[in-house]
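Have a look at the fold, then read on.

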Amino acid sequence: MAKILIADDSAFMRSVLKNILAKEGYNDTIEAVDGVDALKKIEEEKADLLLLDIIMPNLDGIGVLKKIPAGKIKVIVISAVGQEKMMNEAKSLGAVDFIIKPFDAENVLEAVKKVLG
Ligand SMILES: [Mg+2]
């Protein structure tokens, strides 16, 4: 089963995502609390997929995307409605899919399954 890194500064949001993934059998998840932590864990943990929040302290999701070596990890960006400009930038920086907040379990699993195959 794939290893999934969840990067979001909201502990509540990380917990929601972790539970959605676990119910579908994706039990191998790790969490990052901001962009700096995300980059560290991308290096350390060899995850297959990153669920990446955009608005985070220290380093935001766009900053993370700019620093990920090409092809290192697949990235699904999680962003709020009204952040279309950032979504376009994220796409140009290599994000493969998007989940829009507020989301439901189905939105998340559909995107994750599509990316992980
Ligand atoms: Mg956030």
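The notes below go from the whole chain to single residues.

This is a predicted model, in which local features need pLDDT of at least 70, side-chain atom pairs count only at pLDDT 80 or more, and totals for chains, interfaces and linings use all residues. Residues are numbered from 1 along each chain as its sequence is written.

**Overall fold**

- The chain holds 5 helices and 5 strands; helices (H or I, at least four residues) and strands (E, at least two) are DSSP runs, numbered from the N terminus.
- Along the sequence these elements follow the pattern β-α-β-α-β-α-β-α-β-α.
- The radius of gyration is 13 Å, which agrees with the value near 13 Å for a compact globule of 117 residues; it is taken over C-alpha atoms, and the globule rule is 2.2 Å times the number of residues to the power 0.38.
- The C-alpha trace spans about 30 × 30 × 25 Å along its principal axes.
- Of the 117 residues, 28% are buried; buried means 20 or more other C-beta atoms within 10 Å of a residue's own, exposed means 12 or fewer, and partly exposed is in between, with C-beta atoms placed from the backbone.
- Among contacts with a separation of 6 or more, 60% link residues 24 or more positions apart; two residues are in contact if their C-beta atoms, placed from the backbone, lie within 7 Å.

**What the UniProt record says**

- An unreviewed UniProt entry places "domain: Response regulatory" at residues 3–116; UniProt positions use the numbering here, feature names are shortened, and annotations may be inferred rather than shown by experiment.
- The end C-alpha atoms of that span lie 10 Å apart, and the span is 46% helix and 22% strand.
- The unreviewed entry in UniProt also lists Asp-53 for "modified residue: 4-aspartylphosphate".

- β1 runs parallel to β2, joined by 4 bridges, and Ile-4 stands opposite Thr-29 in β2; strands pair if DSSP finds at least two bridges between them.
- β1 also runs parallel to β3 with 4 bridges, and there Ile-6 stands opposite Leu-51.

**Helix α2**

- In α2 (residues 35–45), Gly-35, Ala-38 and Ile-42 are buried.
- Seen down the axis of α2, its buried residues fall within an arc of 50°, so they line one face of the helix; the arc is that of the directions from the helix axis to the C-beta atoms.
- Exposed residues Lys-40, Glu-43 and Glu-44 sit on the face of α2 turned away from its buried side.
- The cover over the buried residues of α2 includes β1 (4–7), β2 (29–32), β3 (49–53) and α3 (61–67).

**Two aspartates to look at**

- Asp-53 lies in strand β3 and counts as buried because it has 26 C-beta neighbours inside 10 Å.
- Beyond its neighbours within four places in sequence, Asp-53 is in contact with Ala-7, Asp-8, Asp-9, Gly-61 and Ile-78.
- Asp-34 is found in the loop between β2 and α2 and counts as partly exposed, with 19 C-beta neighbours inside 10 Å.
- Not counting residues up to four places away in sequence, Asp-34 touches Asp-9, Met-56, Pro-57, Asn-58 and Leu-59.
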